[in-house]
Structures are given as structure tokens and as C-alpha cells.
Amino acid sequence: MALHQNLIAGEWVGGDAIANINPSDTNDVVGEYARGSAQDMQDAIAAAKAAFPAWSRSGILERHAILKKTADEILARKDELGALLSREEGKTLAEGIGETIRAAQIFDFFAGEALRLAGETLPSVRPGIGIEITRDPLGVIGIITPWNFPIAIPAWKIAPALCYGNTVVFKPAELVPGCAWAIVDILNRAGLPKGVLNLVMGKGSVVGQVMLDSPLLSGITFTGSTGTGKRVALASVEHNRKYQLEMGGKNPMVVLDDADLANAVEACVNGSFFSTGQRCTASSRLIVTEGIHDRFVAAVTERLNGLVIDNALKAGTHIGPVVDASQMKQDEDYIEIGQKEGAKLVSGGERLNRETPGFYLKPALFTEATNQMRISREEIFGPVASVIRVKDYDEALATANDTTFGLSAGICTTSLKHATHFKRNVEAGMVMVNVATAGVDFHVPFGGRKGSSFGSREQGKYAAEFYTSVKTSYTLA
Ligand code: ADP
């Protein structure tokens, strides 16, 4: 099997091989991918540093053309790349293809943004002096990504980094090197000059740590766990560099008595369990008022019983496997913890055997949960959700906000008054009314508050905030 190598200074270079294993079929090796060394990362950072002066002054047409060509190739290969994604990560083929299309849309969006770079001019308070406000690229950006969106998250970090004139060292998650390698290959062939984008696959504690400790990086954008996010923050403060963190969530979905039941069930089942619940925007706390509670639980349970949990690549599968053995253990541990804490497991929670050996888990639904239980406070990152019964809207809002996280929050209601109040008062970066907490558009800001995120927003034109540094120039002429 051919080894997929790291890209450093425009050259594909070797390293130990790591097997990329399919979680739907652990006998299936998706491919062999290089495990970079600390020296590889040092070389990559040096290459990105050397490439920065020329790339930062490159023409907008060149940047536009490379990003557009990348978008076009990703879109043209959506079925193949979507299948690769599903094979290495375990989300269904429809979800894999959908995520691939989104990656193409992101590159397309930033191809356009390259042509729209603009500043402001305004008069000084001192007559005769003019002021220009412009944005400079930062320099070398370190990009560290998690396994749950193997193509979309790399796309939404790499595309703006390049669009605004930065150079990049990119370290994808160990579990999903396939999509990362594929988009770097596409960008490289699309004409990026040597060293502008460098890929170093490998262990976070080895190659990722070199990034954190390097004084040559001007910014690090990170999506992953709270623990690693904190390390990124501490190291970045040490090196006086910009950083951006997207970490966990414990997203609430409030369902009020006046909700459209069918829509609420769809939004909750989708938000909690699709993509195997492995989304930082997944709704893990379903906060339901008394009057609709029993009907809601019955309808969700019925819907869950109709879902097919099987090989991600099989037609008809609604939910694929959990990503790997250690995530499976974490999910099962929390299912046990929930029961010990006194929540009632009303559906799922057991391992399933399928034709191919994989990490199949029946989506678990708890009722009688309280917001103080660990299953309501800690991120599980699997197909596990808890119903918390509340008396009215006020208690629902207070419960929704009683968390250390603040990424996404939803409400299902037909009351304009409650929907409006919720939008204004819920402590989250993204609010959904009658829509699942997970599933966001690519052209608008993404991010949270409290313990979920740090720094400026990702995606859409708001991405410029992180990837550029504002300059204010005064000219007397
Ligand atoms: P998850 O639980 O989602 O795997 P992690 O925070 O462990 O979350 O991983 C997210 C990304 O951070 C991965 O690419 C991982 O390799 C990387 N990572 C892990 N440890 C470190 C570290 N010490 N320094 C830099 N990156 C790291």
C-alpha cells in the first residue's frame, strides 16, 4: 500500500507509516499515512516562514484562482472524497458527501473573498491628514484540527488563512489523515508556491506540541478538546501570539409545550444523534416542559427505534459507528455513569453487532436526568442525550444557561415571545429556533462563548478578524 507522505516545503517526504482504520470495519485499512517527527514539524514551520514574504504580497487573482480551482476539484470529486470521509470517520455516506460539498463551498467563498479584500479611508480629526485602515496577513498560521469533521474544519481554517495571505503548517487529527492529505494534495496541485501550505501528520503530543512551542508561529487556530485548547492558550500567551479555540459543547435544546411536536422530534433526533452525536454542536441536553414531556419522549423513542445503525457506507444507514475504541469506551462509561446517577435509560445504549466488525452503538436516550448530573455537565461526544424535565420557560432558560459551555442552543416553540426572549438571553454563540443545534451554514460566523470558544469567530467574512492584523495609517499630503 502506497504511503501518503507529509508535504514540507513543497516536497512529499516520508516517515513511519500509521494505518488509517475504518471504524465501520476494523479489518479495512483505508490507507497508510506518514507519522511526522518533531524535526518534520520544525522543517515545515521554517518552510512556511520562508514562504511568507512572497505569499503575503501575492496577487489577489493568484489566490483567487488557487482557491477556486481547489473548490472545483473538491466538488467534482465529492462522491469519492465523501466516501473516503465516511470510511475513515464513520459518518454516513450522505453526511460524508454533504460535508465534502461544504468544504468546496468554503473554498469557493474564500476564493471570492480574495477578490473583495478592502479597507477603509476616512479623514483624520487633524485637517490635511488622511487615514487608511487596512488588514495585513499575520504570518505563519498553525492549524490543528480534530477528527469529527475531517474535511470541513481543515477547509474552514486553511481557506481563510491562504486567502488573507498567510502561510500554513497544518496538523490534522491522527484518526483522519485521509481527507486532510487529499485537500493538501489538491491545493498543492492547484498551484500553491512551495512552502505556503505544509502538512505534518502525526501525534498531537509530538508534532502538535512543536507547533505550540515554536516562536515562529504568528497564530494558532485550534479545534478539539478543552484540555488541549488550554495548552494552546498557555503556549500562545507565552509566545505572545494570536490564538483561536473551538472546544466542547453541552448544547441545550429547549422544547416548550406549544412546540410543533413532529418538528421538535426531528430537530432533537437530528441534533442529538446524527453524525453519531460526534459534533461539538450536538444537543446533549433536551430540556422539555411538563405538558409535552411524555408525548415528546414517546415520539423520540419511536423515531430512534426506526433508525438503522450500520456500516457508514451502506445504503440505508442513518447512523454510522462511533469513531474508535477509546471513544466507544467513553460513551459506554457515561451511559453507565448516567444510570448510576439515577437517570433512566429509556432507549438504546447497547453495542450492536453488524456484518462488519465496527464500533456500533445504539443511540442512548436518558429521561429523569437533572442538570447537575455528570451526563448533563460533561461533554460525552457520542450518540447519548438526556431529557431534563422542567416546569416552564423560565426554568428551561435558566437550565439551558446553567453550564460552563456556550456553543449552540436551540428552542422549539411556536411562541414568538419565547423565541425572541430566548434569542436575546441564552448564553451561546449560535441560537437555533425550531432548527437542530447542529448543522450550520458556511458563509456566516461560527463559534461560541464561555468554555466553548476563545477568540474571534470562524467562517464567513468574520474569519478575517483572526487571520489578519489591522493597520491604521495616517498620511499628511
Ligand atoms: P479529541 O478528543 O477531539 O481528539 P484533542 O484535543 O485530543 O481532541 O485533539 C484535537 C487535535 O489536537 C488533534 O489534532 C490532536 O492531535 C491535537 N493535539 C493533541 N495534543 C496536542 C498537543 N499537546 N499539542 C498540540 N496539539 C495536540
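**Exercise 1. Which residue in E23 does Thr-134 stand opposite?**

Solution. The structure is a predicted model, in which local features need pLDDT of at least 70 and side-chain atom pairs count only at pLDDT 80 or more, while totals for chains, interfaces and linings use all residues. Residues are numbered from 1 along each chain as its sequence is written, and side-chain values use heavy atoms, with hydrogens and water left out.

Step 1. Strands (E, at least two residues) and helices (H or I, at least four) are DSSP runs, numbered from the N terminus. Two strands pair if DSSP finds at least two bridges between them.

Step 2. Strand E7 and strand E23 (residues 468-476) run antiparallel and are joined by nine bridges.

Step 3. Thr-134 stands opposite Lys-471 in E23.

**Exercise 2. Describe the hairpin that contains E7.**

Solution. Step 1. Strand E6 (residues 120-123) pairs with strand E7 (residues 129-137) in the antiparallel sense, over four bridges.

Step 1. Leu-122 has Ile-131 in E7 as its bridge partner.

Step 2. Five residues lie between E6 and E7 in this hairpin, and Gly-128 in the turn has a positive phi of about 95°.

**Exercise 3. State the strand order of the open sheet of three strands.**

Solution. Step 1. The order is E1-E5-E4, with mixed pairing.

Step 1. Strand E1 (3-4) and strand E4 (16-22) are the edge strands, since each pairs on one side only.

Step 2. E4 pairs with E5 in the antiparallel sense over seven bridges. Ala-17 stands opposite Ala-34 in E5.

**Exercise 4. Characterise the interface of domain 1 and domain 2.**

Solution. Step 1. Domain 1 covers 3-247 + 452-476, and domain 2 covers 252-433; such bounds come from an automatic or database domain assignment. Their centres, taken over C-alpha atoms, are separated by 31 Å.

Step 1. Domain 1 gives 24 residues to the contact and domain 2 gives 28 residues, where contact means heavy atoms within 4.5 Å.

Step 2. About 2000 Å² is buried between the domains, with carbon and sulfur atoms giving 59%. Buried area is the accessible area (1.4 Å probe) that two parts lose on being put together, summed over both. In domain 1, Ser-24, Trp-147 and Ser-452 lose the most area to domain 2, together 26% of what that side buries.
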